[in-house]
Amino acid sequence: MTSERTVSIVIPTLAASQYLDVALVSVMPQARELDAEVIVVCDGPDAVTAEVVQRHGATLITLPVQQGVNTGRNTGIEASTGELIVFMDADIDAPPGWLAALVAGARAYPDRDMFGGPIRARLEGARPGCGREMAPITTLDAGPEDCDVERVWGANMAIRRSAIERLGGFDPSLLGRGDEEEWEYRYVASGGRIRYLAAAGLDHRRAGADSRISTLARAAYRQGREARRHDRRFDRARPAWLDLRILIGCGWHTVRRRCAYGVVMAARAAGGLREALAPRTP
């Protein structure tokens with residue numbers, strides 16, 4: 001497809017209109033400033049999401065049934081026209097200058113095709129941890145300077161269209177943990193390098209009931225199982241005894257430090273252990 005714009009922003013989402021509203025409030029002014037298109041791909045029909053997208057002036061594509069985030073990404077790629085395709089999640093808040101920093105970084109490093117920036121956790125109203133542990137949602141911090149990294153995450157990620165055309169799209173069969181990593185493996189295996197852009201940071205949000213420790217723990221348990229399946233797929237699964245050791249350590253940490261995040265970390269380890277002990281399907 002011939003590029004009509006320099007930048008396209010693709011936001012795959014489920015029915016999460018309150019998060020999406022905040023994301024579009026933060027992103028749309030930056031997109032207009034740089035003449036970037038914003039495409040929201042809703043994973044299944046949702047009238048409220050459609051209303052939010054229309055109100056902010058973004059483009060909406062609705063999948064007929066739920067098919068997963070990678071199908072959403074691929075659908076957005078096919079509908080977009082920009083040479084630099086920026087992927088973000090619906091539950092982010094991008095401060096002014098975020099998009100400009102991504103675009104400037106892509107121009108500054110023409111020998112890289114994939115970029116990402118800091119992802120800062122923002123748990124609104126949540127009980128804090130002890131300060132010794134990372135927040136229990138996806139974050140990324142590779143320091144205050146630009147550098148090459150092994151991975152970036154789909155909440156804050158940009159790829160040149162030429163690289164996608166060369167290597168193909170995201171694997172639609174991957175659901176949950178590691179959905180973007182398989183593409184990154186292909187890219188790095190082809191000789192590509194991933195550039196971390198320190199100025200292109202944004203906030204990853206959890207609000208209301210989603211920021212409660214009980215909700216985060218349930219999500220962490222599912223992620224632990226998904227992570228074990230993902231690592232097994234790439235022959236990187238750690239021994240089950242290590243998950244047990246981590247689970248015990250998290251329990252000690254929770255009690256000793258009175259750390260609410262320890263509960264979430266324990267739930268993730270428990271999910272990994274449960275998946276490790278589950279019967280393998282052929």
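D91 counts as buried because its relative accessibility is 14%, where buried means under 20% relative accessible area, exposed over 50% and partly exposed in between, with a 1.4 Å probe and protein chains only. This is a predicted model, in which local features need pLDDT of at least 70 and side-chain atom pairs count only at pLDDT 80 or more, while totals for chains, interfaces and linings use all residues. Residues are numbered from 1 along each chain as its sequence is written, and side-chain values use heavy atoms, with hydrogens and water left out.

D91 lies in the loop between β4 and β5 (92-93); strands are DSSP runs of E of at least two residues, helices runs of H or I of at least four, numbered from the N terminus. Beyond its neighbours within four places in sequence, D91 is in contact with Y19, D203, H204, R205 and R206, contact meaning heavy atoms within 4.5 Å. With R206, D91 makes a side-chain to side-chain polar contact of 2.6 Å. Such a contact is a pair of N or O atoms within 3.5 Å; within protein, one must be able to donate a hydrogen and the other to accept it, and residues adjacent in sequence count only if both atoms are side-chain atoms.

I turn now to the sheet. It is open and mixed, with eight strands in the order β3-β2-β1-β4-β9-β6-β10-β8; two strands pair if DSSP finds at least two bridges between them. At the edges, β3 (59-62) and β8 (147-149) each pair on one side only. Strands β1 (residues 7-13) and β4 (residues 84-88) pair in the parallel sense over four bridges, and S8 has I85 of β4 as its bridge partner.
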